[in-house]
Amino acid sequence: MGDYDYIVVGGGSSGCVMASRLSEDPTQRVLLIESGRKDSHPWIHIPATFFKVIEKGRDIVAYVGEKDANVNNRDSIVLQGHVIGGGSSVNAMIYIRGQANDYNQWAQLGNRGWSYEDVLPVFRSLEDNMVHSDAYHGQDGELHVSEPRFKHPLSRAFIRAAQEAGLPYNPDFNGQVQQGVGFYQSTTHDGRRWSAAQAFLRKAEGRANLTIRTETRVARVTFDGRRASGVVLEDGTRIAARREVVLCAGAIETPRLLQLSGVGPGAHLQSHGIAVVADLPGVGENYQDHLESTVQGETHGPISLFGEDKGLKAARHFLQYITTRTGIMASNVVESGGFADVSGTGQPDVQFHVLPFMVGWADREPIPKHGIAIGPCFLRPRSRGSVRLRSSNPKDRALFDAASFRDSDDLEVLVRGVQLGMKILEQPSLAKLIKRRALPEPGIEKDIDALRHYVRQTAKTVFHPCGTAKMGPESDRMAVVDSELRVRGVEGLRVADASIMPTLVSGNTNAPTMMIAERAARFITADRKAKAA
């Protein structure tokens with residue numbers, strides 16, 4: 001394959017941004033390696049059919065964590081995109097950045113240049129917002145951000161009911177204030193998904209200096225002394241990188257690859273017979289994720305999305321979509337939601353994802369009736385898990401412990417979120433539509449221990465793993481990368497995905513991950529220009 005200047009490992013949200021930016025200079029040869037396939041399946045590009053992608057197991061990979069007593073000895077199952085575009089090709093397309101305090105906390109932890117004031121211009125530079133034009137939004141970027149084309153009656157009813165429960169209406173969760181309820185902005189354009197692949201990679205993939213390899217797995221990063229020199233594929237092929245290797249493989253795969261490459265906790269690596277290149281105890285630590293537990297109500301009539309993907313109904317929706325790009329199939333399904341402060345902290349600590357049908361999870365089938373699911377998730381987990389190697393075999397999946405509810409405060413926040421969800425379900429705008437509360441069972445609100453048990457039994461990830469190669473100052477021995485995302489103790493190696501988050505942002509992680517990649521690409525370009533000067 002020859003040599004490259006840069007090798008980008010992982011073709012998800014961050015990898016698409018990174019490959020696009022680095023290949024803008026025609027003198028630099030860039031290789032993007034993705035273990036999944038091309039994003040060619042039509043279900044990826046029709047907003048509402050992302051549920052079909054997940055349901056059929058297409059273009060996703062399920063990481064199964066260790067059984068955890070804190071969730072009643074259930075498996076922790078985290079789905080991740082396994083396709084060009086990664087999560088942005090299979091997610092619910094919700095565009096959320098998080099709160100200003102999320103990034104200010106990063107800066108307070110010693111990460112200079114990562115305050116909200118620092119990152120907001122980067123978010124704005126990436127964005128092309130359909131409606132908003134102000135100090136918080138951009139219109140000149142590649143990432144289209146749109147208002148809903150379709151608004152389900154149950155989504156509207158939730159927003160009204162939440163206001164009746166005391167939450168304010170908020171037309172823009174990415175503006176000055178996050179608190180409140182409303183419709184989510186989404187990464188869609190003209191009724192189609194606008195993934196990172198569409199936004200950034202499509203315009204770059206025809207460049208002569210960019211090579212994209214799909215269905216290709218990296219076994220490890222190679223080193224010349226302490227300098228990253230390239231990668232080895234699982235088939236044994238060696239590929240050299242003259243300048244840098246950039247890991248964009250996600251919060252489970254990135255620490256696994258670092259450890260396989262000799263970068264990580266020394267004793268752990270040696271226990272698997274791996275030579276230590278850099279003893280970094282923080283690699284694989286600090287795992288964080290958002291968990292939710294749903295409140296579900298069965299409706300009086302057939303007004304939800306239940307059954308709308310079958311038979312003549314599905315045919316009618318498809319015909320409307322292909323002729324007008326409108327209707328249910330243009331919906332991102334998770335149309336509405338919001339943010340609430342359930343603990344009196346002064347800032348939202350719970351987010352709601354609302355679906356106009358009842359849902360199941362990994363170990364429970366959905367109730368086969370019409371209904372609504374209100375899913376509160378806690379935003380700033382205190383619990384910390386880990387990602388480790390099962391063996392030195394690169395074909396073995398990572399061994400990860402999600403550590404759900406390891407800190408009991410996380411459980412209490414989610415219990416309060418469920419209580420608020422039940423309150424919203426009882427408000428007039430929803431109550432008139434609801435035949436019964438299906439989950440949690442009626443009467444449970446009178447027994448706090450029973451409610452805690454329900455949350456433990458039903459809590460599931462909303463697929464926002466992060467933090468396993470965290471950014472931090474040199475004084476933090478658990479920090480894996482510096483403020484320019486260079487891996488400590490080695491040269492020519494960076495991490496540019498959600499792994500670097502010191503703490504999880506208060507919301508969906510797709511937009512922040514693209515922001516991280518954009519910043520990393522700017523750091524890399526500035527370094528190259530400085531060395532050439």
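In this predicted model, Lys151 lies over the face of Phe183, 4.5 Å from the ring centre.

The search of the whole structure gives 12 aromatic pairs. One of them joins Trp106 and Trp114. Trp114 has a relative accessible area of 0% and is buried. Trp106 is likewise at 0% relative accessibility, so Trp106 counts as buried, the limit being under 20%. Both residues belong to one aromatic cluster, together with Tyr103, Tyr116, Phe123 and Phe523.

Another pair is formed by Phe173 and Tyr184. The ring centres lie 5.4 Å apart and the planes stand at 55 degrees, so this pair is tilted. Phe173 sits in the loop between helix H7 (153-164) and strand S7 (180-183). Tyr184 sits in the loop between S7 and strand S8 (188-189). The pair therefore ties together parts that are 11 residues apart in sequence. Phe173 is buried, at a relative accessible area of 3%. Tyr184 is buried too, at 1% relative accessibility.

Burial also marks helix H9, residues 253-260. Eight of its eight residues are buried, so H9 is largely enclosed by the rest of the structure. These residues are Glu253, Thr254, Pro255, Arg256, Leu257, Leu258, Gln259 and Leu260. Gly262 follows H9 and has a positive phi, near 95 degrees.

Notes: Residues numbered from 1 in each chain as written. Predicted model: local features only at pLDDT ≥ 70, side-chain atom pairs only at ≥ 80, totals over all residues. Heavy atoms only, no water. Buried < 20%, exposed > 50% of the residue type's maximum accessible area, 1.4 Å probe, protein only. Helix = DSSP H or I, 4+ residues; strand = E, 2+ residues; numbered from the N terminus. Phe/Tyr/Trp six-rings, centres within 6.5 Å; stacked < 30°, edge-to-face > 60°. Lys NZ or Arg CZ within 6 Å of the ring centre and 35° of its normal.
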